[in-house]
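Student: I would like to go through one model by question and answer. Could you show it first?

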Amino acid sequence: MKKKWLKREGGIYDKFGQMIRETGYSKPVNIELATVVEAPPNLRLKLDADGLVLEKEDLIVAQSLTKHERKVSLKSSSIGGATTPAGVGGATTPAGEGPHTHGYESIDIQEGILTFEDELAVGDRVIVVCLDEDMIYIVLDRAVWY
């Protein structure tokens, strides 16, 4: 399999598209980079390749790039921080008479709600897949360089 990957031509996104086609996906797929030119709710992207500006009606956006909530449960085995003389963690302040401590070692949150607020912003670089036949653009993720 590794040798097939090396024989593919083009950049990493071209190679990824070729790999998708080789595994049996029959619709043409193009992977492109774009820049956010207008943030949600009126999301607009500008494609690097040809400068085409895509309107929100043309886009399907991965949920991880939107402001959204997820139900979560959290369980910890220990909590760091200040400790009591007995070595149990948990310093607190202003709720009683001066600084004081409580003896707790772990915390459980059942069915809590976690809100993700890091939605796309102007200037963000994104990875976009275009399904040529349908002219549908899917925004997969932010593009990051190191």
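Predicted model: local features only at pLDDT ≥ 70, side-chain atom pairs only at ≥ 80, totals over all residues.

Tutor: Residues are numbered from 1 along each chain as its sequence is written, and side-chain values use heavy atoms, with hydrogens and water left out.

Student: What pattern does the protein chain follow along the sequence?

Tutor: Helices (H or I, at least four residues) and strands (E, at least two) are DSSP runs, numbered from the N terminus. The protein chain has two helices and ten strands. Read along the sequence, the pattern is α-α-β-β-β-β-β-β-β-β-β-β.

Student: What share of the residues counts as buried?

Tutor: Buried means under 20% relative accessible area, exposed over 50%, and partly exposed in between (1.4 Å probe, protein chains only). The protein chain has 146 residues, and the buried share is 22%.

Student: Which residue in β10 is the bridge partner of valine 126?

Tutor: β9 and β10 pair in the antiparallel sense, over six bridges. In β10, the bridge partner of valine 126 is arginine 142.

Student: Which salt bridge partners does arginine 142 have, aspartate 118 and which other aspartate?

Tutor: A salt bridge is a side-chain nitrogen of Lys or Arg within 4 Å of a carboxyl oxygen of Asp or Glu. Arginine 142 meets aspartate 118 at 3.6 Å, N to O. That pair links distant parts of the chain, 24 residues apart: aspartate 118 is in the loop between β8 and β9 (125–131), arginine 142 in strand β10 (residues 136–142). At 3.2 Å, N to O, arginine 142 also meets aspartate 124.

Student: Why does the salt bridge of glutamate 111 and lysine 71 tie together separate parts of the sequence?

Tutor: The two side chains meet at 3.9 Å, N to O. Glutamate 111 lies in strand β8 (residues 108–116) and lysine 71 in strand β5 (residues 68–75), so the pair ties parts that are 40 residues apart in sequence.

Student: Are these two residues buried or exposed?

Tutor: Lysine 71 has a relative accessible area of 61%, which makes it exposed. Glutamate 111, at 57%, also counts as exposed.

Student: What is the phi of glutamate 111?

Tutor: Glutamate 111 is not a glycine, yet its phi is positive. The value is about 55°.

Student: How many salt bridges does the whole structure hold?

Tutor: Some share partners: Glu38, Arg44 and Glu55 are joined into one network in this way. A search of the whole structure finds six.

Student: Which backbone oxygens does the side chain of histidine 68 reach, that of glutamine 63 and which other?

Tutor: Histidine 68 is in strand β5 and, at 10% relative accessibility, counts as buried. A polar contact is a pair of N or O atoms within 3.5 Å; within protein, one must be able to donate a hydrogen and the other to accept it, and residues adjacent in sequence count only if both atoms are side-chain atoms. The side chain of histidine 68 reaches the backbone oxygen of glutamine 63 at 3.1 Å. At 2.8 Å lies the backbone oxygen of threonine 66.

Student: How much accessible area does the nonpolar patch of Leu74, Ile107 and Ile109 have together?

Tutor: Patches are made of residues with over 30% relative accessible area and no salt bridge; like charges are joined within 9 Å, nonpolar side chains (Val, Leu, Ile, Met, Phe, Trp, Tyr) within 5 Å. Accessible areas come from the Shrake-Rupley method with a 1.4 Å probe; for residues, only the protein chains shown count as cover. Isoleucine 107 is partly exposed, at 47%. Together the three residues have about 260 Å².

Student: What is the omega of the cis peptide bond between proline 40 and proline 41?

Tutor: Proline 41 lies in the loop between β1 (29–38) and β2 (44–47). The omega of this cis bond is about 15°.

How values were computed: Pairing = 2+ DSSP bridges.
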